[in-house]
Amino acid sequence: MSEAIVLDGFLEEETVPGDLHGSTARFRLTVSPTDERTDEATLPCAVTDPVMAAAVLHDLVPGDKLRVTGHLRLPRTPDEPMSLAVTALEVLATAPVLTDIAGAFTAVLDRYGPYVCYLDADTDHVPTWTEAGVWVGCADTPGDVSDLLEAFEQRQTADGE
């Protein structure tokens, strides 16, 4: 058997039972060795210990930061998934509990590839920059962002940048 590996990551979504009795559990862990989004990987994980599976199914919530130890199972055929057989799990940090999501967030930053947009619930206007901080422009509505980005890219091509 291969040597165990240890990974830190965030619980991607709700955990699910791996069988009808809930004696096993499955979940997806998002891991990233750097802060670069392109280095992120989502790894399917499986827990076969019934006590650990119960804790996974009932105690974890999406966004929890976890440290998992286990054995990587590589696919033997093209239609077989890769997964991590988890033998130990530690919660490093719990996800923040949001009681009133609508009241907590009135504005968000959204990414469109190398672009960042500021979406504010109080206005339809969408200010947009490149991830490097270069001003792109302001779309009149969220639906106009793609037109704004296309026009910006055409200007960059015409300017030779």
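The largest pocket of this predicted model has a volume of about 230 Å³. Its lining comprises 17 residues, and those nearest its centre are Ala 25, Arg 26, Phe 27, Cys 45 and Ala 46. Two elements, β3 (25–31) and β4 (41–47), each give two or more residues to that lining. A pocket is an open set of points on a 1 Å grid over the protein atoms alone, where a 1.4 Å probe fits, with protein on both sides within 12 Å along at least five of seven lines; lining residues have an atom within 4 Å of a point.

**Basis of the values**

- Residues are numbered from 1 along each chain as its sequence is written, and side-chain values use heavy atoms, without hydrogens or water.
- In this predicted model, local features need pLDDT of at least 70 and side-chain atom pairs count only at pLDDT 80 or more, while totals for chains, interfaces and linings use all residues.

**Salt bridges**

- The whole structure holds three salt bridges, each defined as a side-chain nitrogen of Lys or Arg within 4 Å of a carboxyl oxygen of Asp or Glu.
- Asp 8 pairs with Arg 67, with the closest N and O atoms 2.7 Å apart. This pair links distant parts of the chain, as Asp 8 belongs to strand β1 (residues 5–11) and Arg 67 to strand β5 (residues 65–73), 59 residues apart.
- Arg 28 pairs with Glu 13, with the closest N and O atoms 3.0 Å apart. Arg 28 lies in strand β3 and Glu 13 in the loop between β1 and β2 (16–17), so the bridge ties together parts 15 residues apart in sequence.
- Arg 111 and Glu 131 meet at 2.7 Å, N to O. Glu 131 is exposed, with a relative accessible area of 52%, whereas Arg 111 is partly exposed at 36%; buried means under 20%, exposed over 50%, and partly exposed in between (1.4 Å probe, protein chains only).

- Ala 53, in helix α1 (residues 50–59), is buried, with a relative accessible area of 0%.
- Beyond its neighbours within four places in sequence, Ala 53 is in contact with Gly 22, Ser 23, Thr 24, Ala 25 and Val 47; contact means heavy atoms within 4.5 Å.
- Between Ala 53 and Gly 18 there are 8.8 Å in space, C-alpha to C-alpha, and the two are 35 residues apart in sequence.

Technical notes. Helices (H or I, at least four residues) and strands (E, at least two) are DSSP runs, numbered from the N terminus. Grid points are joined across faces, edges and corners, and a volume is the space filled by probe spheres set on the points.
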